[in-house]
Amino acid sequence: MAVSGFEKRLELHFLGDFEKDNMLGLRVLDFDSREQVLFAVQCSVVSAVGNPFFDAYVLSESSLFVYPTKIIIKTCGTTQLLKSIPPLIHYANNLGLNLQTCRYTRGNFIFPKAQPFPHTSFKEEVIYIEQNIPINLCYRKASVMPSKLPAHSWHVFTATFLPPLESHSHHEDITFIVEVCMTGLNHHLARQFFVKSGDGKTGDIGGKEMTELTRIDTINPGAFICDFAFDPCGYSMNGIDGDRYSTIHVTPEDGFSYASFECVGSVYYDPDDIVVTLKKAVQVFMPATISVSTTGCSREVWTKVAHAFEPLGLKPRSFAMDELPATGTIVFQTFTAARRK
């Protein structure tokens with residue numbers, strides 16, 4: 001895993017009638033089909049795990065999650081994530097599934113000029129998505145959510161065939177997604193994600209050691225973790241806990257150090273749970289700067305997210321909010337360490 005920085009994230013939801021012998025939906029995609037999708041993106045599977053609800057894959061460039069009617073791909077570096085849309089729609093159609101909603105998000109690229117088509121600009125990305133999704137996904141919106149930090153803004157595109165009122169009632173704010181992007185990692189903590197030269201350990205064994213050494217396994221003690229260490233440095237982890245996932249990706253190089261943490265929350269859980277989870281995740285890295293996107297959440301959730309960072313010496317710098325089709329409210333907040341202006 002090379003210097004990568006902010007990931008690109010694509011989430012597709014499908015709708016259709018399962019056949020009695022195919023309750024697994026998208027999970028039945030065969031190896032060759034999945035490989036064709038990842039070849040288009042320019043990444044590969046390095047580790048995988050599944051449970052009765054979904055399958056989670058650690059990729060050479062981040063993560064893939066496959067549910068019966070939902071797929072999430074998160075990739076970094078110069079991957080061509082959006083090129084996965086045409087084959088995914090094709091394979092889903094063959095399973096009797098039709099695209100219902102599409103959501104694409106990303107932060108600012110560290111090296112924007114190095115990005116290949118269609119990721120050369122957010123405008124080009126939006127054009128590409130709109131050209132490759134069905135025309136009946138007619139409720140569409142693109143948004144760039146700003147911050148006071150020049151290198152931190154949040155790019156979002158969503159599309160759905162559900163009218164706004166129906167779309168929001170469909171989601172009912174039952175679950176929410178928290179995406180945390182961290183830069184300027186504490187140097188000492190970042191060194192824990194370098195592989196010792198010549199130790200001969202596999203990525204799986206090295207990943208497990210990093211997970212335990214950094215106490216990432218305590219962030220959600222109930223999750224089963226699938227992890228991988230990259231040579232000479234870098235780390236990825238997927239956590240599975242029932243029907244919910246979490247994921248961490250780290251590129252620890254000095255000058256470009258970056259880590260991301262993403263998890264799914266629920267209004268049915270104690271709202272303080274997300275505070276505890278985020279504190280644990282951020283303490284692994286103690287970054288200089290954090291940006292947090294919270295999608296489909298209530299006011300109670302995003303205010304608690306903000307409060308989670310205050311005891312760690314992180315001060316709020318900016319706040320932005322928007323409403324988008326299919327996802328509802330998105331709140332984007334940035335924070336900086338008090339010791340670094």
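Student: What do the side chains of Glu-179 and Arg-103 meet in?
Tutor: A salt bridge, 2.9 Å from N to O. Bear in mind that this is a predicted model.

Student: Where do the two lie in the chain?
Tutor: Glu-179 is in strand 9 (residues 175-183). Arg-103 is in strand 6 (residues 98-106). The pair therefore ties together parts that are 76 residues apart in sequence.

Student: Buried or exposed?
Tutor: Both Glu-179 and Arg-103 are buried.

Student: Which residues are linked with them in a network of salt bridges?
Tutor: Arg-9, Glu-11, Lys-74 and Glu-262 are linked with Arg-103 and Glu-179 in that network.

Student: Take Arg-9 and Glu-262. What about that pair?
Tutor: Their side chains meet in a salt bridge at 2.8 Å, N to O. Arg-9 sits in strand 1 (residues 8-15) and Glu-262 in strand 13 (residues 258-266), 253 residues apart.

Student: Why does Arg-9 count as buried?
Tutor: Because its relative accessible area is 1%, and buried means under 20%. Glu-262 is also at 1%, so Glu-262 counts as buried.

Student: New topic. Which residue does Lys-141 pair with?
Tutor: Asp-322, in a salt bridge of 2.7 Å, N to O. Lys-141 is in strand 7 (residues 139-145) and Asp-322 in strand 15, so the pair ties together parts 181 residues apart in sequence.

Student: How accessible is Lys-141?
Tutor: Lys-141 is partly exposed, at 29%. Asp-322 is buried, at 17%.

Student: What else does the Asp-322 side chain contact?
Tutor: The side chain of Ser-143, through a polar contact of 2.7 Å. Asp-322 also touches other residues, including Met-145 and Thr-329.

Student: How many salt bridges does the count come to?
Tutor: Eleven.

Conventions. Residues numbered from 1 in each chain as written. Predicted model: local features only at pLDDT ≥ 70, side-chain atom pairs only at ≥ 80, totals over all residues. Heavy atoms only, no water. Polar contact = N/O pair within 3.5 Å; in protein donor to acceptor, adjacent residues only side chain to side chain. Contact = heavy atoms within 4.5 Å. Salt bridge = Lys/Arg side-chain N within 4 Å of Asp/Glu carboxyl O. Helix = DSSP H or I, 4+ residues; strand = E, 2+ residues; numbered from the N terminus. Buried < 20%, exposed > 50% of the residue type's maximum accessible area, 1.4 Å probe, protein only. Lists of a residue's contacts leave out its neighbours within four places in sequence.
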